[in-house]
Amino acid sequence: MATVTVNGQPFPAEPGTPLHQVLRRRGGLEMPCAGQGRCGKCRITASGALSAPSSAERAHLTREELARGVRLACCVRVEGDCRVTLSDSARSQICLSGVMDAVSLRPRFHACGAAVDIGTTTLAASLYGADGTLLAQASAANPQAAWGADVISRIEAALRGEGGALAACVRGAVDALLNQMAEQARIAPGEIDGLVITGNTAMLHLFTETSPEPLSHAPFEAARLFGETCSAGSLGLSACPEGSVYLPRCVSAFVGADITTALLAGGICGKDETRLLVDVGTNGEMALWHGGALCCCSTAAGPAFEGAGLSMGMHGQEGAVDHVSVRDGVLLPHVIGDVPPRGICGSGVIDALACLLETGELDETGLLETSPALIAPPAALTQKDVRMVQLAKSAISAGLRTLLHTAGISCPDVAELAVAGGFGSCLNAENAGHIGLIPEGLVSKVRVLGNAALSGASMLLLDEELAGTCEHLARRARTLELSANPVFAEYYTEGMFFGHGTDGL
Ligand code: FES
């Protein structure tokens with residue numbers, strides 16, 4: 001048995017074990033391409049008895065980096081005792097705040113209650129006292145990132161028999177958030193006696209260790225749509241095993257409980273006005289409230305706006321270019337934190353492309369004058385990055401336009417476009433319109449909701465009677481299937497170009 005010492009902490013491992021399997025036990029590893037050696041982003045520093053650098057490592061790492069011991073975690077095998085340094089990368093700016101519609105206080109807990117949002121990338125939680133006071137908040141990266149940045153990689157891992165490990169790591173992370181908030185609020189974790197845990201359909205399947213098999217193939221159905229209560233202990237939460245957990249109802253396989261709770265937080269439904277909600281993540285999930293009915297859809301936008309998919313993409317954390325403007329034809333990037341730029345996050349990508357269009361360095365077809373285009377050296381966008389963003393942004397805008405088309409309405413009929421999710425809170429709506437991520441006719445109607453999934457979960461926690469409304473809404477919602485929809489296909493092709501092209505809506 002060999003010993004792998006990770007940041008000073010020893011882990012036993014059989015020689016021949018892939019190093020990433022050991023690092024997953026510790027947590028803190030991100031493997032955006034699910035260990036295929038394609039993204040080059042699972043960098044660690046290691047020394048000792050390890051396998052020789054693979055061809056993927058030689059392709060992604062310079063000779064100087066390899067000499068310093070930089071390796072790709074997904075390509076290395078343990079051969080004997082070794083030491084690994086895993087940079088607990090600068091904290092992501094995880095959005096915890098969000099708008100919240102007013103609630104009557106009818107809590108589903110007695111002493112303290114917790115609302116949790118299990119996002120594909122991040123986890124966020126809020127702790128409340130019996131009088132409805134917010135006592136503490138906490139957040140963390142979703143440790144399932146060690147199985148891949150996107151939902152599909154994780155579903156595939158679960159189907160390979162790793163469902164137990166995927167559930168255990170996210171449950172451990174939720175437990176850690178609950179303990180952390182209890183400590184901040186100076187209560188015992190066991191005092192948390194009611195919880196609401198929201199997330200997209202796949203995240204709730206993986207959290208509850210429900211087989212995601214039906215989510216993995218056509219006709220893409222969910223094994224469970226939730227809207228149910230169970231005990232924290234039965235879900236493997238040890239911080240407060242006696243607590244009761246409500247899992248809000250999902251609409252369908254790809255429109256999850258995070259959308260149901262976001263709709264609640266944003267007060268989207270139940271009014272006469274027509275409203276749209278969009279959550280831009282690896283899946284762009286969107287919903288239209290019109291004429292007293294809810295219609296939802298989801299598009300596979302890919303990870304272009306989540307940081308994982310682009311050559312220098314990263315989450316919104318220290319060193320990320322998060323905003324770009326132009327002055328006198330020159331790009332002016334803003335970097336998070338007082339540190340040199342390391343990459344570019346979703347909001348930065350949108351701004352950068354809008355600015356490159358303005359300076360003429362990017363044309364309407366998506367062709368860069370020079371590739372890579374330097375944004376804040378070394379942060380840059382390559383031609384391949386731009387193509388990936390084109391696919392993602394046309395999928396989102398085509399989804400929104402198809403929802404409107406199906407309802408027989410157009411942009412002037414819409415009172416509001418509510419943008420949920422952490423990414424949305426940094427979004428420059430004008431630039432998003434400029435690159436065609438959202439139809440131009442909706443730019444002036446954008447309302448940023450922040451972490452609406454978490455806010456909506458908090459509402460369900462504080463007023464247990466809202467669960468019925470929420471479930472009714474999710475049950476009655478219509479889901480629009482986009483993959484074989486000719487209207488979507490047309491908007492998708494049209495939306496691939498930069499610039500306008502959204503006229504007529
Ligand atoms: S190269 Fe290792 S996860 Fe992508």
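Predicted model: local features only at pLDDT ≥ 70, side-chain atom pairs only at ≥ 80, totals over all residues.
Before I start, a word on the terms: helices and strands here are DSSP runs, helices of at least four residues and strands of at least two, numbered from the N terminus. Pro 372 sits in the loop between α7, residues 346–359, and β18, residues 373–376, and the peptide bond joining Ser 371 to Pro 372 is cis, with omega at about 0°. A cis peptide bond also joins Pro 377 and Pro 378, with omega about 5°, and Pro 378 belongs to the loop between β18 and β19, the latter being 379–381.

Next, the loop between α5, residues 201–207, and β10, residues 228–231, which holds Glu 209 and also Phe 226. Glu 209 has a positive phi of about 55° although it is not a glycine, and Phe 226, likewise not a glycine, has a positive phi near 65°.

Six strands form an open, mixed sheet in the order β21-β20-β12-β13-β14-β22, with β21 (446–450) and β22 (478–479) as the edge strands, each pairing on one side only. Strand β14, residues 293–300, pairs with β22 in the parallel sense over 2 bridges, and Cys 296 stands opposite Thr 479 in β22. Across β12, β13 and β14 lies helix α8, residues 383–407, which runs at about 155° to β14.

Conventions: Residues numbered from 1 in each chain as written. Pairing = 2+ DSSP bridges. Contact = placed C-beta atoms within 7 Å. Axes fitted to C-alpha atoms, helices over the stretch in contact; angles between N-to-C directions.
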